[in-house]
Amino acid sequence: MGAADDISSLSSDFLNNSDTQVVLNIYDLIPLNQYTYWFGFGIFHSGIEVHGKEYGFGAHDFPASGVFEVEPRSCPGFIYRCSIPLGRINMPPFEFRTFIESAASEYHGDTYHLISKNCNHFTDDMSWRLTGKCIPGWVNRLARLGTLCSCLLPESLQVTTVKQLPEYHECLEEGGSESLATSTPCESTEIDDSDEAKLLLSPTAVSGDVTFVKEAHK
């Protein structure tokens, strides 16, 4: 009976560890959001939280994973607004890790596009695959409006990628497409003012504990 109890206890622990909430964490990209939010409009960044970590998608100039990992509700460079529970899943951490690394191979940093493939498209896709639910429409409303009338968007918001960042490039050469942390000390060069809007969209443009998720090799 003792061995049976131990097995039962291990099975229970495994099941408890597998069950987790999927949460959408939403951030403001611009201060104006605090006024436009109440009218169902704004410019937002979002990340998907699973098993105590948050995952987002950002831009860089390389054909490697643009999916990054941060502590929940603390993505550097953005202002945390709110969290929305999307549902619960039963997926152990190691299985989720395989899932997110596979997804990273579909979300390279050089494929980021503000209108057609941004951070909110990523979280919507992850939410649908994990829970069968979409994220709230207002989170990515700017992109949908931009698809219809991109000519009306400010030029600073019509960017498709970011300027090549030396610190990312150097780390990429050293470690291939493995996990890359922006806090790794590397040389950098000055970036002129015209690229400020582009950097706003990229996790590599800010300091903090941001780690790129390695992609699964197929």
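Strands β2 and β3 run antiparallel and are joined by three bridges; strands here are DSSP runs (E, at least two residues), helices are H or I runs of at least four, and both are numbered from the N terminus, while pairing takes at least two DSSP bridges between two strands. This is a predicted model, with local features needing pLDDT of at least 70, side-chain atom pairs counting only at pLDDT 80 or more, and totals for chains, interfaces and linings using all residues. Residues are numbered from 1 along each chain as its sequence is written, and side-chain values use heavy atoms, with hydrogens and water left out.

As for burial (under 20% relative accessible area, 1.4 Å probe, protein chains only), seven of the seven residues of β2 (residues 44–50) are buried, so the strand is largely enclosed by the rest of the structure. Side chains in a regular strand alternate between the two faces of the sheet. In β2, Phe 44, Ser 46, Ile 48 and Val 50 are buried on one side, and His 45, Gly 47 and Glu 49 on the other.

Further along, His 60 sits in the loop between β3 (53–57) and β4 (67–70). His 60 counts as buried because its relative accessibility is 1%. A polar atom of the His 60 side chain lies 3.0 Å from the backbone oxygen of Ser 65.

Methods. Buried means under 20% relative accessible area, exposed over 50%, partly exposed in between (1.4 Å probe, protein chains only). A polar contact is a pair of N or O atoms within 3.5 Å; within protein, one must be able to donate a hydrogen and the other to accept it, and residues adjacent in sequence count only if both atoms are side-chain atoms.
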